[in-house]
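Me: I would like a close look at a single part of this model, namely the surroundings of the ligand. Please treat the matter in one connected account.

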Amino acid sequence: MSSESKFGDYGGQFVPEALMPAIEELTDAYERYVIDNEDGFMDEFRRRLAEFGGRPLPLQRADQLSARYDTEVYLKREDLLHGGAHKLNNALGQVLLAKYMGKERIIAETGAGQHGTATAMAAAHLDMPCEIYMGETDIARQRPNVFRMRINDAEVNPVTTGRGTLKEAISETMRDWATTVETTHYVIGSIVGPAPFPAMVRDFQSVISEEAREQIVEKTGGLPDAVLACAGGGSNTMGAFHHFVPDDDVDLYAVEAGGSSLSVDEEEGVAPNSASLSTGDEGVLHGARTKLLQDSDGQIMESHSVSAGLDYAGVGPELAHLVDEGRVTPVNVDDDTALEAFHRLSQDEGIIPALETAHAFGYLERVAGPATDDRAAEPRDEHHDDLGDTVIVNVSGRGDKDLETVIEETQKRDLDIAPDMSIFNEIGGGI
Amino acid sequence: MGLERAFADEPAFVPYLAAGDPDYDASIEYVEALARGGADVIELGLPFSEPIAEGSTIQEAVVRSLDAGMSPDRFFEFVEELDVDVPLVCMTYYNLIYQYGSGQGPEPFVEKAAEVGIEGFVVPDLPAEEAGPLRAACDEYGLDLIFIVAPTTKGDRLASMMDQTSGYVYVQARLGVTGAKDDVDDATEESLARIAEWDVPKAVGFGIKTGDHAERIVSAGADGIIVGSALVDIVAEGHENGDPADEVAERLEGKARELKAGALRGAEQQATAEGS
Ligand SMILES: Cc1ncc(COP(=O)(O)O)c(C=O)c1O
């Protein structure tokens, strides 16, 4: 592990001066406790991750998908982590670190509510008061997680600026931190923000690929041909990639949200997608230089995705760098394809994925699935060869939080694959 | 370089407004009213979509201004059109500076700013660690780069800041984000005491709302006061009530006089205290 603050030209520390002393203090704590395991910090972290979180988590062969794609498909089951998503790996690490640093209060932003939930759980577990900032749009579309945070005794502060999604929630949490920095630790939820957050969050999440790499070698006798993970800020992504980055033969695919379209409306400042790796330009947001959705003046665009956790105009600086280096391939999947993939994984494998996660499976279907009308022009085998014979997909989280959104969005679209929910009409309830 | 000159004879009153709030024409009138009311330097905000250092007052001003069509190019036109005899400082976030022109760095923005008569910058999301390229461009075009000293800035950071800042230093009066407050934070006096020996003028901002606040802060050793949200509140209220722009401008001018007078009283007290 290393505490790099720049990834190529990306990264850095673009934050108000008032926060810089706290960031220096955090950098010092990260180097001592996380990198050097001072006072046995990492031992305690690993122990709690096992006992409280349930690690290690299985790498499971997906029998139906393997048959469908004629490829060995393995699932890294982060959905089985306590809380239902990879987010706890980072949240537990940072809340514990805050304790070692003598901080008294935890704040965090959340998009899908998974990071907020994981932080609320970790804070309750480690007996720290906790406040979560969440955009109002996300509060409405991820209600189950709002309940969970409140039940775990966290305050949830609605953010009403802009579109009321992750970008606004991060800005508002930074404002809280600028006020309370002497006593409070800000648990950033992805590999974004000023250094040392991107490297530190990656280190906490890298347990995913540390386990997966050993497990795949044990199960198949070799390395996979490809690893796929969805990417919002990119924490499950870098977590799943990190230990494979030096393995040049393993292709790494970061699957972003293509939303409803890849085009942008400069006039309105809206990009109906969250594909910052695929379509963004270099700029500075939330403390780091990275790839962003922005207009030609540098104003940040409002992103869009059906999945709250991917709905963000930026992305982690390390991923931006690995994309420029050609080590990570950015791809994207639109809302419709993600919804379809959500139902397919639920029906074929008995795993209800988070909508974020469903994007990774949407990509698998697009490149390796049976030909459809839309895809007739793209010969299947070509893509199939791209992915190779053994593929790991990171199942970043489970989809309980998304059920209402999925049913609603599915009905709007009339998807063939969707289950019939008329049972509610029969009993006179409606949906 | 030369923003120091605005602080030379008496305590400076440094007002802030978001350019283009609530619209271009009214905003021109408002800035000119502040100059009439005794401003010694004016900080003009170029609105950025993610103003992470601002409280709700200025966040809302940013939204009004952007909705009315403000952009970097419009901002430069705005500055050219202003009829004021007061040095102007541009306050904005780094991404707008970085993207302008080439999208490759700060130089085109600084060149254009110098051309329209901007004399310095305050960039709240650019700490000294990341300021090298902007500092170099400012040096090339003879502009000042003003750094913010926070209540948390101590030790080595303070020393490196003294070397880097030019024109004046922005002393952040309290932790947190911008916004008018009903009191003067004790952190102000502590922060001023930490940098008492610095040669560069010390302007205090964050939370100042009244002439009495101005008086207290100047008597505690500040060379100037920076006031934003208390003025933006006047703009916002006028906008919500649909008041004519000239009336709002008059209120701003009155508030400016109150603040400047408070600063002058503070200077007298300081002189008396030093004399005794
Ligand atoms: C299940 C799940 N996967 C992925 C993400 C996206 O975050 P990241 O890109 O940081 O992994 C989220 C965010 O909320 C999530 O809840």
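How many residues of the shell around the ligand are nonpolar, how many polar and how many charged?

Reply: The structure is a predicted model, and its scores are ipTM 0.95 and pTM 0.96. The shell around the ligand divides into 14 polar residues, 6 nonpolar residues and 1 charged residue.

In total, 21 residues surround the ligand. The closest of these are A:Q114, A:G232, A:S235, A:G309 and A:G397. Three helices of chain A give two or more residues each to this shell: helix 5 (114–125), helix 11 (235–241) and helix 15 (355–368). Helix 11 of chain A accounts for the largest share, with 3 residues.

The shell may also be described by domain. Domain 1 (20–52 + 87–201) of chain A provides at least three of its residues, and domain 2 (59–83 + 206–413) of chain A likewise provides at least three.

For context, the contact between the chains may be set beside the ligand shell. Chain A brings 25 residues to that contact and chain B brings 32. On the side of chain A that touches chain B, at least two residues come from each of strand 2 (10–14), helix 1 (20–35), helix 8 (166–180) and strand 11 (281–285). The largest share of that side, 6 residues, belongs to helix 8 of chain A. By residue class, the side of chain A that touches chain B comprises 12 nonpolar, 8 polar and 5 charged residues.

How values were computed: Residues are numbered from 1 along each chain as its sequence is written. Chains are lettered from A and ligands numbered from 1 in the order in which they are written. This is a predicted model: local features need pLDDT of at least 70, side-chain atom pairs count only at pLDDT 80 or more; totals for chains, interfaces and linings use all residues. A residue is near a molecule or strand if its C-beta atom, placed from the backbone, lies within 6 Å of it. Helices (H or I, at least four residues) and strands (E, at least two) are DSSP runs, numbered from the N terminus. Ala, Val, Leu, Ile, Met, Phe, Trp, Tyr, Cys and Pro count as nonpolar, Asp, Glu, Lys and Arg as charged, and the others, Gly among them, as polar. Domain bounds come from an automatic or database domain assignment. Two residues are in contact if their C-beta atoms, placed from the backbone, lie within 7 Å.
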